[in-house]
Structure formats: C-alpha cells, structure tokens
Amino acid sequence: MNNLVRAKSGAWTDAKSVEAATMLTNWVDKGYLTPDANGISRDDALAAFMAGKAAFTITGTWQLQTVTEGLGADAGFLALGPNGSTTPVTTGGEGLAWAMTSATKHPDVAAAYIDFVTNAKASQVLVDTGNLPTVPPADWAPAKGTLAADVASEWKRVNASSGLVPYLDYSTPTFYDTLTAAVQELTAGKATPQQFATTLQTDYAAFTGR
C-alpha cells in the first residue's frame, strides 16, 4: 500500500485490490453492512452503533471520547490486519503536516506556533481531552479495561510492526472524491469489483502516468 499510494509500484487493478473489493461486495450480499448504508451520515451511523444497532463501526481514534461517553466499558477498539497476518495494518495520518514557507518574514513566530501545537504539553492536552497524539506522553497508561487502553495498546502494536500506511486518498488530488463515489457504487451493486478497480486506476494513471 505504501508503494501504491506513493506511485512506486502496483496498480489499483492488481489482484489484491480486486479481491478486497470482491470481499466487500460479499459482505453486502451477506447483510453485514447496514441496509442503505450509503444514505446514512457518519454521525447517524455512530449513533446507531452506540445504540446497539451495529456490532462494529469502522472509524478513527478521533471518536474515542464520543464512544467512551456513549458506551463506556462496553466498547472496544482494534486495528484490522491483512488476511493471514498476526500484525495490524491501518491507514492513518499523524496529525497535520505543519510547515513554514522559506519566504516567511517571521520564521521565529511560525516556529513558535508549530512548537506550541506539537510539544509535550500539547500531547498531554490531547490525551486529557480523549484524543490520540502522534507521540503520546511517555507515562501514558490509560486504566485497564477502558476504550483508551485499547487505543493505546493498538497504537503501540501498529507502530511496533510499522503497520501504518497512508490514507488511500493521498494517491491523487482528486482521489478522495473518486474513491468515495466508487465505493458507494460498489456497495450499491452498481459496479463490479473489476469496474471499481478500473475507476480508481483511471484517476491514478491520469495523475501518476503509471
């Protein structure tokens, strides 16, 4: 996935991508996805999960505080892994990519702000408000049996196995819209797994030349 998103090797029409799309359509056919899922907002989907109307919800750690308040000890968290693997792989972004232009007239002010939002105190504030900083405090040890403890454990497992890969929409400037629409067509039965893969590859090839 690292090589594919960074346009080093692979294609969205490779066998593994088509296999993954096929598995998703199988989940739809078996009723694993909420009916009419494409018409449900993220907030409504999360609310349904916390109301006990779904066994799982696939989302990010930014929902840690919300789910903790809604379900408490009844919620758990895990990072998914490839078929047959014992180590997790997950897409993600380590916060915002803070930077300053070389043309800035106030580099000291820009540097001070970047330090302010990324230093150890900022990480502690994120932890205190139910969020996951890129570099958690060294003594971060959430109470056992909590959702925060699950997140901490999985974050360490992902990092230990170098299992963090880029968001798929990093592939091209328009890939988020392309991927979102393609997944909706796939899960609605309006596109086959091969057609889904071809749609992604067309956008990818137009930008990368591969």
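User: What makes Y204 count as buried in this model?

Analyst: In this predicted model, the relative accessible area of Y204 is 0%, and because buried means under 20%, Y204 is classed as buried.

User: How do you know whether W12 is buried or exposed?

Analyst: The relative accessibility of W12 is 4%, which is set against the cut-off of under 20% for a buried residue, so W12 counts as buried.

User: Why is the pair of W12 and Y204 called edge-to-face?

Analyst: A search of the whole structure finds 5 aromatic pairs. For W12 and Y204, the ring centres are 6.3 Å apart and the planes stand at 85°; since rings pair if their centres lie within 6.5 Å and planes over 60 degrees apart count as edge-to-face, the pair is edge-to-face.

User: What makes this pair a tie between parts of the chain that are 192 residues apart in sequence?

Analyst: W12 lies in the loop between α1 (2-5) and α2 (15-29), whereas Y204 lies in helix α9 (residues 193-208), so the pair ties together parts that are 192 residues apart in sequence. Ring pairs also link W12 and Y204 with F175 into a cluster.

User: Why are W98 and Y113 called partly exposed?

Analyst: The relative accessibility of W98 is 41% and the relative accessible area of Y113 is 43%. Because buried means under 20% and exposed over 50%, with partly exposed in between, W98 counts as partly exposed, and Y113 is partly exposed too.

User: How do the axes of helix α5 and helix α6 cross, and what makes α5 oblique to α6?

Analyst: The axes of α5 (residues 107-118) and α6 (residues 120-128) come within 5 Å and cross at roughly 40°. Angles under 35 degrees would count as roughly parallel and those of 65 to 115 as roughly perpendicular, so α5 is oblique to α6. The contact is made by F116, V117 and T118 of α5 together with A120, A122 and S123 of α6, and its residues divide into 4 nonpolar, 2 polar and no charged.

Notes
Residues are numbered from 1 along each chain as its sequence is written. This is a predicted model: local features need pLDDT of at least 70, side-chain atom pairs count only at pLDDT 80 or more; totals for chains, interfaces and linings use all residues. Side-chain values use heavy atoms; hydrogens and water are left out. Axes are lines fitted to C-alpha atoms, for helices over the stretch in contact, and angles run from 0 to 180 degrees between N-to-C directions. Helices (H or I, at least four residues) and strands (E, at least two) are DSSP runs, numbered from the N terminus. Angles under 35 degrees count as roughly parallel, over 145 as roughly antiparallel, 65 to 115 as roughly perpendicular and the rest as oblique. Contact means heavy atoms within 4.5 Å. Ala, Val, Leu, Ile, Met, Phe, Trp, Tyr, Cys and Pro count as nonpolar, Asp, Glu, Lys and Arg as charged, and the others, Gly among them, as polar. Rings of Phe, Tyr and Trp (its six-membered ring) pair if their centres lie within 6.5 Å; planes under 30 degrees apart count as stacked, over 60 as edge-to-face and the rest as tilted. Buried means under 20% relative accessible area, exposed over 50%, partly exposed in between (1.4 Å probe, protein chains only).
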